[in-house]
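Thank you for making time this morning. I would like to walk you through one structure, slowly and region by region, so please keep the display in view while I talk.

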Amino acid sequence: MLSHKDERGIAAIVVAGSLVMLMGIAAFAVDYSAALNERRQDQSAADAAVLGGGLELIISTAANNVQASVNEAKRLAAENIGRPISAAQWTACTDPDALQYPSTAPALGVSGGTQCISYNQGFSQMRVRIPVQETATTFGRVLGVMSISTDAAAEITIDNPGGGAFPAGVFAGSGAGTEFCIKTGTGSGSHDSCGSPSTGDFGNFQPYYYTDVAPGGIDTTCYSGGGQPNSLARSMADGLDHQLGVSAGIPGNRINGSQCPQFPGPAYPNRVDSTGGYSNNDITNGLVSGGSFDGAFTGRLTRGPYVNYAGSIAIFGRNIDNRPLWSFIDPALASHPSCIDAAALPDAPLTPADYLAAKTIMQDCLANQNSQLFTDAIAVSPRLAPVPRYHQASPLPSNACCYDIKEFVPIFLQGIWTTEANPWTCTGTVETIPGSHCKHEPGMTGVITASAAGQRKIDSASALLLTCAQLSEPTCRTVQNAGGPATVLFDLTLSR
């Protein structure tokens, strides 16, 4: 039988054990709460770092914009976490999920690089992982737990509205509503088309491939537009597979593909090689017929939800997108009188004469309303594409280097011209000038074809120039950099 003295001894043991348990509960409640708060700070810091670093990658005019991106990401990480993060912490930081090019990669030329800031090969993704942070415990020390470790990571994907940049550009001074050529039509000088050598834009540029189009086939990394048959056509169909950047003036300091073949950089090149124009095969396959470049691809205008919009148009046996630009206007946003008139234009097929009048109204609208005009539905039109606007105001000599990119503008792919002569046929509401050409613009219906497969070629094409402000936010922004204000088209998607 236990005595009262023995019971008091047991009670002391129970109380002591209970205190340990209570201390453990307190440690869990207080210290875990502190660690959760630190984890939230870590995540906020990672989000801010990757967003700021990604924006710097886009707008920086520095020769090494990856260096500027890394510096900005580190600065924002420390600022948002509320304490300095030492160079040693960044050096020691590891990230098992790092993207293809950690900033330690020699090809990037970054001083102070870290595995915890990384980029994909086309520089359309960036990842930041915050170095491990230690939160000192209060009650947990009783249990021998001196600190709790936390970290966080975030990634962004950088997209362009309309996909990657179309491999053509516009010159300084080109205003909204301008119709310009995206191709200099070889063999089209005998008739009055957009692509006539006397009226051609000659602002096309030679793209490079930063990534392998179809891993498992031939390695297409670093191929330029002339590297293989249909490589240029594929870039017209799909847009560039990497992002372009901006320069402060002439000359820019990052030439597209200049680090090939050792490395497909630089990131966000702001100079592009000029080219005298596209061949008929390039424009035909890229826009309509499709082709094969390390795998099959379809023509740009044969895609999307508007292939049979308000009447179909078949070119060389393929129905193409047929939704006119004015059908995307939000009537509630139309403020200029010509925009109000454009919003009321019919979607039904128009005769060439009526279409010309309608397009004139649309061009006047584009030139005079510098505020949001279009609904978000335009974003899925294959006719919408971003192109660079150059610092240069006129064409360079054929194949000269280089055009320097000031900013980016949206275009709407518009007219397609083909030679109209035997064995060609053009029917429906398309424009037909016998012995000269057939022309289709979105909203015209009918059939354009040729009996001989070898004659099924597009001679030239055109586009209407829009402004960034006419599209919805946040895809278009005006930013400040060393070159002054510049319009850039991008959408940053944050993931964790």
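Predicted model: local features only at pLDDT ≥ 70, side-chain atom pairs only at ≥ 80, totals over all residues.

Let me begin with Phe123, which is buried, with a relative accessible area of 1%; here buried means under 20% relative accessible area, exposed means over 50%, and partly exposed lies in between, using a 1.4 Å probe and protein chains only. Residues are numbered from 1 along each chain as its sequence is written, and side-chain values use heavy atoms, with hydrogens and water left out.

Phe123 is found in the loop between β2 (117–119) and β3 (125–136), where helices (H or I, at least four residues) and strands (E, at least two) are DSSP runs numbered from the N terminus. Its phi is near 60°, a positive value in a residue other than glycine. Phe123 also forms one aromatic cluster with Tyr101, Tyr119 and Phe263; rings of Phe, Tyr and Trp (its six-membered ring) pair if their centres lie within 6.5 Å, and planes under 30 degrees apart count as stacked, over 60 as edge-to-face and the rest as tilted.

**The cores**

Which residues touch the most other members of the largest nonpolar core? Of its 113 residues, they are Phe123, Met362 and Phe374, and the largest share of this core, eight residues, comes from strand β12 (residues 401–419). A nonpolar core, to be clear, is a set of buried Ala, Val, Leu, Ile, Met, Phe, Trp, Tyr and Cys residues joined through side-chain atoms within 4.5 Å. A second, separate core of five residues includes Ala233, Ala237, Phe293 and Phe297.

**Aromatic pairs**

Tyr209 and Phe293 form a tilted pair, 5.0 Å centre to centre with 45° between the planes. Tyr209 lies in the loop between β5 (179–181) and α4 and Phe293 in the loop between β7 and β8, so the pair ties together parts that are 84 residues apart in sequence. Tyr209 counts as buried at 5% relative accessibility, and Phe293 counts as buried at 1%.

Tyr306 and Phe328 form an edge-to-face pair, 5.5 Å centre to centre with 70° between the planes. Tyr306 lies in the loop between β8 and β9 (313–315) and Phe328 in the loop between β10 and α6 (337–343), so this pair ties together parts that are 22 residues apart in sequence. Both Tyr306 and Phe328 are buried.

Just after α2, Gly82 takes a positive phi of about 85°.

Finally, a cis peptide bond joins Ile250 and Pro251, with omega about 0°, and a cis peptide bond joins Cys260 and Pro261, with omega about 5°. Pro251 lies in the loop between α4 (231–238) and β6 (271–273), and Pro261 is found in the loop between α4 and β6.
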